[in-house]
Amino acid sequence: MHSNNNPDRTSQHATASDQAQLTQVARDQYNTTTVVGPGGGPAPQALAALPAAGDLVGRAERTAELLDVLDPSGPGAGVVVVTGLAGIGKTALALHTAHQAVSRGWFPGGTLFVQLRGYDPTGAVSGQQALAGLLRALGIRDDDLPPTDEERENLYRTQLARRAQNGPILILADDASETAQLRPLVPSHPEHRLLATSRDALTSPDLPARLIGLVQLEAQPAADLIADVLTRVRPGDLRLNQESRSLGEVAALCGYLPLALTIAAAQLVADPGLPLTTLAGDLANAHTRLKALSYQETDGRSLGMQAAFDLSYRRLDDQLARLFRLLSINPGPDLSTETAAVLAYHPVRATRQSLAALARAGLISEQPIGSDRWRMHDLTRLYADEQCQHYDTPDTTPTRKQALSRLLQHYRVTTHAANSHLTGRPGQSAPDRFQDRDAALAWLDAEHFNLTATIALTATTSHHDATTSLAGNLAPYLHQRHYLHESLATAQHALRSAHKFGDLYAERTALSNLGTALREMRQFEEAIDAHTQAINIGRRLNDRHTEGTALNNLGAALREMRRFEEAIDAHTQAINIFRGLNDRHAESMALNNLGAALREMRRFEEAIDAHTQAINIGRRLNDRHAESMALNNLGAALREMRRFEEAIDAYTQAINIGRGLNDRHAEGMALTNLGSVLWDIRRFEEAIDALTQAINIGRGLNDRHAEGMALTNLGLALREMRRFEEAIDALTQAINIFRELNDRHTEGMALTNLGSALWEIRQFEEAIDALTQAINIFRELNDRHAEGMALNNLGLALQQVGRFEEAIDAHTQAINIGRGLNDRHAEGMALNNLGLALQEVGRFEEAIDAHTQAINIGRGLNNRHTEGTALNNLGLALQEVGRFEEAIDAHTQAINIFRELNNRHAESMALDNLGAARREVRRSCRLRALWIKLTSRS
């Protein structure tokens, strides 16, 4: 036996029996090749060497992509490297795809396989050792191997070129760690393919490989992987059906990583009585999860996530290892290059180079490429955190604590700067960290998951100042973006921290933000309680501004509960406080909210006055943003009074202000409202244009809630144009957005509108289903007003399918809700529709009574549209009982109202009904004349 003098690569030869030769390629790794001695004939070949491939789940897309590259008839690259994290399933994909390629007849020249063991701690197979093995597989005897590396590479390429006449050859090199392992194996013939796997993104100027990256599986394929293993071993395994939910939990806790899933499946196979729930419990503890994801086979071999990560981590130099550890400190799902530089305390450019190196090592990934944002798999994060804690000992520099302090300071300062741009008033200076409001908003969009996660972390680690500062500065953004659950959670964290440290000033802010979040989530009683507590703290501290702000917010919550008188009182108190403090900006905000409450009471003139005052204050202060908000609300009040042209003017002014300020959010909101009033006056094309602009703005800002609201209004406009299919599509998109945001209330409103659109195209059962869903949502949220609206529409749909008794019940419930809420407008609408249902079952006198009540309500509210509609329907009921003269009078009054309102469509319908009544009168006259004539003759 002899060895060379290279300590990194040892090649030892031992005598083997007969004509076998044993070659040690790396310490305890051996390749055995049977050869024939001189004169004994050619050496045997191994041109069908692919190992067996197991079942593959969830990789159809990547398989197709890899097959496309491997196809010898295509322009695919000669070298393909499948890359990804340890345990991501690179070898499984490569083998599976290679077998598919062979089965398609793509590689009749044969297949070669070499295991490079690039990450094995005992040593990797070098490129030249791999090359020698491949030459033997091609039939070259040891005695015929050239002595130099260059000569062996030339021989290899020559052999592959010669065999190309038999067809292309596929070489699969598994588990490479360096380009040097692959470089000698690259075939020169254009139809041959070298397919490699590596944790590293192996490419270089002299190895222009096509990289195909793998990420974790989706949730369902991950669960399927475990299930397939269990059913293959024991087809009747009851755990899959009995604990399907726990199966999903196990897959999620494995991070949907194939190796972790395989280990979990092996544990379940080894212990057929082990409940999935128990295994999920074992994996639930983040501190022990990596240790739990290990499996020892009876022959001593083991599988383990920690060991797999160790192999990649040990290859990092000190600087990269340090950065890798520190990345785990960031509690969010990803981080920017800038944040990583803060953690590492290194320049941004140098940090990006280090992050790119970690990405090439398969430990992190830039998603999407070029975004400067980096992600780490959940299990990798746990491993990095373990390493970070291991290094943070009393005997070493406390780098973890220092890095966390830098991170918190970075997030605090930058969030404050961003919020200053979002909420700053005209003339106020804002930190120059951001160029403008759009840049600040873009940063918050990118970082808000990190920020909310950081607030949760600091709340449990006694970083009180960081918790309250971050929560307070993030709240306006979360409110604007309608991130309801995040708003609630951050406010709760801040409140608990304020209580713990006895900080009344922080408590008042947290209570204010909590109340706003609770109101948005329609938890009104809790919102009122939070705002009331904030008012009391303001009074205890003699902080009149806090008291006024809390009163203003209280009024908004009371308005949502339709406690309008109390809301008006709260807003009025707030206005008086702000006037006493000479805080004109806050006064303007309170006046705006007062106008909204007055509008709900249908005290439209007073509402218009309040909004006009708010507008004038905004103009005097040159606060264009406040002016725009007040103009928006003024438009709503004018719309209710059917002063449509003035409403359009108010909305148009708001749009222009938003554009002038480059405030796309305010512009989009005003466009949405403008679209609504335009379809009120049947200017449908203009309405659709305005709403389409609003949708595009919402999408451009990634403001899903604003997009959903604009889509809802677009659906209503399209319905009025009788473009029902498009209306249904817009409303369905809106519903999906609100479900994605978990905004149940707005989802219910969109479902109500969808039901109406479905009703128009006679899809009555679908309409009934949508409206029933809406009713259930409103009952769940205890929104009686919206429930009544949906019940009223449900009644109309039930009438269309002949379920009149159910329709009467739905309308009656809607009437009772309207009366209970003292909502005379809703009561009148429901009474009108009840009358229609009663007519259908021949209960005409009751129908006449219902329509008459609706008419009186419309007159009492000065709601001419409701009055006109009820008069028209009353005329129909009167015709049914032969009271034609009264019917003609009712229809005539309806026509005059619709002409006054310039509602040509409703006027046309009333004219048709008037004509029918007059025909009946003429017919009666003719019959009466005929009867008189006949009786006179007799």
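Ala, Val, Leu, Ile, Met, Phe, Trp, Tyr, Cys and Pro are taken here as nonpolar, Asp, Glu, Lys and Arg as charged, and the others, Gly among them, as polar. The model is a predicted one, so local features need pLDDT of at least 70 and side-chain atom pairs count only at pLDDT 80 or more, while totals for chains, interfaces and linings use all residues. Residues are numbered from 1 along each chain as its sequence is written, and side-chain values use heavy atoms, with hydrogens and water left out.

Cavities come up first. On a 1 Å grid over the protein atoms alone, a cavity is a set of points where a 1.4 Å probe fits but cannot get out; a pocket is an open set with protein on both sides within 12 Å along at least five of seven lines; and lining residues have an atom within 4 Å of a point. Grid points are joined across faces, edges and corners, and a volume is the space filled by probe spheres set on the points. By this rule, two cavities reach 30 Å³ or more. The second largest cavity has about 40 Å³, and its lining splits into three nonpolar, four polar and one charged residue. Those residues are Gln319, Arg322, Leu323, Ala344, His346, Ala350, Thr351 and Ser354.

The largest cavity holds about 70 Å³. Around it sit Leu327, Asn330, Leu335, Ile364, Trp374, Arg375, Met376 and Arg381, that is, five nonpolar residues, one polar and two charged.

Trp374 also turns up in a sheet, as the bridge partner of Glu366. Strands count as paired if DSSP finds at least two bridges between them. The sheet is open, with three strands in the order β11-β13-β12 and antiparallel pairing. Its edges are β11 (334-336) and β12 (365-366), each of which pairs on one side only. Between β12 and β13 (residues 373-375) there are two bridges. Helix α14 (residues 337-344) packs on this sheet and touches β11 and β13, at about 85° to the direction of β11. Contact here means heavy atoms within 4.5 Å; axes are lines fitted to C-alpha atoms, for helices over the stretch in contact, with angles from 0 to 180 degrees between N-to-C directions.

Strand β4 (residues 79-83) is mostly covered, with five of its five residues buried. Buried means under 20% relative accessible area, exposed over 50%, and partly exposed in between (1.4 Å probe, protein chains only). Val79, Val81 and Thr83 point one way, Val80 and Val82 the other. β4 runs parallel to β7 (residues 193-198) over five bridges, with Val79 partnered by Leu194. Four bridges tie β4 to β8 (residues 210-213), again in parallel, and Val81 stands opposite Leu211.

The second largest pocket has a volume of about 1500 Å³. Its lining takes 40 residues, and Gly87, Thr91, Leu259, Thr262 and Leu303 lie nearest the centre. Helix α2 gives the largest share, five residues. By class, the lining has 18 nonpolar, 10 polar and 12 charged residues.

Lastly, Ser676 belongs to helix α29 (residues 664-680). Ser676 is buried, at 4% relative accessible area, and touches Arg639 and Asn713, leaving aside residues up to four places away in sequence.
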